Amino acid sequence: MEHSREISNDLVKEVIKIRRYLHKYPEISEKEYNTCEYIRNYLNNIGINNKVIGKTGVVGTLIKDKDLPTVAIRAEIDALPINEENTFEYKSKNNGVMHACGHDGITAVVLGLAKLLSENKDKLSCNVKFIFEPAEEVGKGAKKLIEEKVLENPKVDNMIIFHFANSDTIGMEIQKDISTATIGRVSINILGKSSHWGDAKEGIDAISISGKVLNIIDKMNNSLKDKGPFILGIGMINGGVKNNIMADSVRLEGTLRAVGDDKFNYLLDYLKEKMKILSEESGATIEVNLESKLPSVVNDYNLVQIGRKIGEDIFKERFVLGEKVYLAGDNAAYYFQKTPGIRMVFFAKKENEINYPLHNSKFDFNEDIFYYALSTIYQMILSIR
């Protein structure tokens, strides 16, 4: 794999230092006040104009010429409410909060890029906007920043987002078009009829019916594979008041993830129809509600071609132009509805170690990827006209 001459060892060391600082002091969504201050101080020190946006977000702007197009690069800055179990020196010092999704690394790389691009401003054929987004983990950041005109003044013409994964050795993947799933938060409410268990025939057992709901969902996941990849998963069940009273209500909450709106809508309608049948059979009232919905991230064709060329140059056989869609979600989909964008994934497996997945209390990744991520995104920004 090749390196760019501009990516010095000193810059990589600086990015690692930033990442480890951010990892040590994580902040949850909408509470990223110290992170915001740290980012602003760094941008001020390298001469990048910046301001607070969305209370805890930051937007920095590097203007080459106001008549040139503008490329934005997004970094998420929030952490997760997870108690870290790693033992390295830079583990989280904030109890119950952890960067278990790589946002610390993404933010560090974007700050490193800001420094690199400001030092090589003469090579740019565009302006660059650095968007440090709060509250991504709770799906609020992008909409909030769009409302506050983050894509304007100057208008953003192209956008780059990226993520780190530790599921494979150092490499890179770009999806041809759809990159992430359409995701919905789904609730299923069962209303039965309570009675004493000594007189069970007088009641309608909502808990028993919830078991049938789960069986139907399992069958959906196994029998509708032609609609895949997709998943309908239940993460919460609540119901009942006392051990000797038949539960009259149960609420199930879960997630539906599918490739694109058409398949998502088909699966949701399928679930509703199955629940209607179960309601008629059981005598219970069953309601399916879509509590929220996040659209898919769809990559722009022209940006994919640019990214593919650069990825193949840098990563050689470790670059993949993928067709498989990740069942993850990203509220960056709202940016991509307004401007052409690309989502890239950098793989950073730690060799000869156990690699714990995203959102795990022992999540970590190989910091060697920073060299390649910096090089890839730098070359992309230089290539966009």
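**Entry 1: the sheet**

I started with β5 and β12, which pair in the parallel sense over seven bridges; I count two strands as paired if DSSP finds at least two bridges between them. Helices (H or I, at least four residues) and strands (E, at least two) are DSSP runs, numbered from the N terminus. Opposite Met-159 I found Gly-341 in β12.

The model is predicted, so I took local features at pLDDT of at least 70 and side-chain atom pairs at pLDDT 80 or more, while totals for chains, interfaces and linings use all residues. Residues are numbered from 1 along each chain as its sequence is written, and side-chain values use heavy atoms, with hydrogens and water left out.

I then looked up β6 (residues 171–175), which runs antiparallel to β12 (residues 341–347) and is joined to that strand by four bridges. Gly-171 has Phe-347 as its bridge partner in β12.

The open sheet has eight strands in the order β1-β2-β4-β3-β5-β12-β6-β11, and its pairing is mixed. At the edges I noted β1 (49–53) and β11 (319–322), each of which pairs on one side only. From one strand to the next the twist averages 20 degrees.

**Entry 2: what covers β12**

I checked burial next, where buried means under 20% relative accessible area, exposed over 50% and partly exposed in between (1.4 Å probe, protein chains only). Seven of the seven residues of β12 are buried. Gly-341, Arg-343, Val-345 and Phe-347 point one way from the strand, and Ile-342, Met-344 and Phe-346 point the other way.

Helix α7 (residues 301–315) lies across β5 (158–165), β6, β11 and β12, contact being heavy atoms within 4.5 Å. I read about 165 degrees between α7 and β6; axes are lines fitted to C-alpha atoms, for helices over the stretch in contact, and angles run from 0 to 180 degrees between N-to-C directions.

**Entry 3: cysteines**

How many disulfides are there? I got zero, taking a pair of cysteine sulfur atoms within 2.5 Å as a disulfide. Cys-36 is buried at a relative accessible area of 6%, and Cys-101 is buried at 15%.

**Entry 4: cavity**

I found one cavity of 30 Å³ or more. On a 1 Å grid over the protein atoms alone, a cavity is a set of points where a 1.4 Å probe fits but cannot get out, and lining residues have an atom within 4 Å of a point. The largest cavity holds about 30 Å³ of space, a volume being the space filled by probe spheres set on the points, which are joined across faces, edges and corners. Its lining is Tyr-21, Leu-22, Tyr-25, Asn-34, Thr-35 and Tyr-38. α1 (9–24) and α2 (33–45) each supply at least two of the lining residues, and α2 gives the largest share, three residues.

Methods
On a 1 Å grid over the protein atoms alone, a cavity is a set of points where a 1.4 Å probe fits but cannot get out, and a pocket is an open set with protein on both sides within 12 Å along at least five of seven lines; lining residues have an atom within 4 Å of a point.
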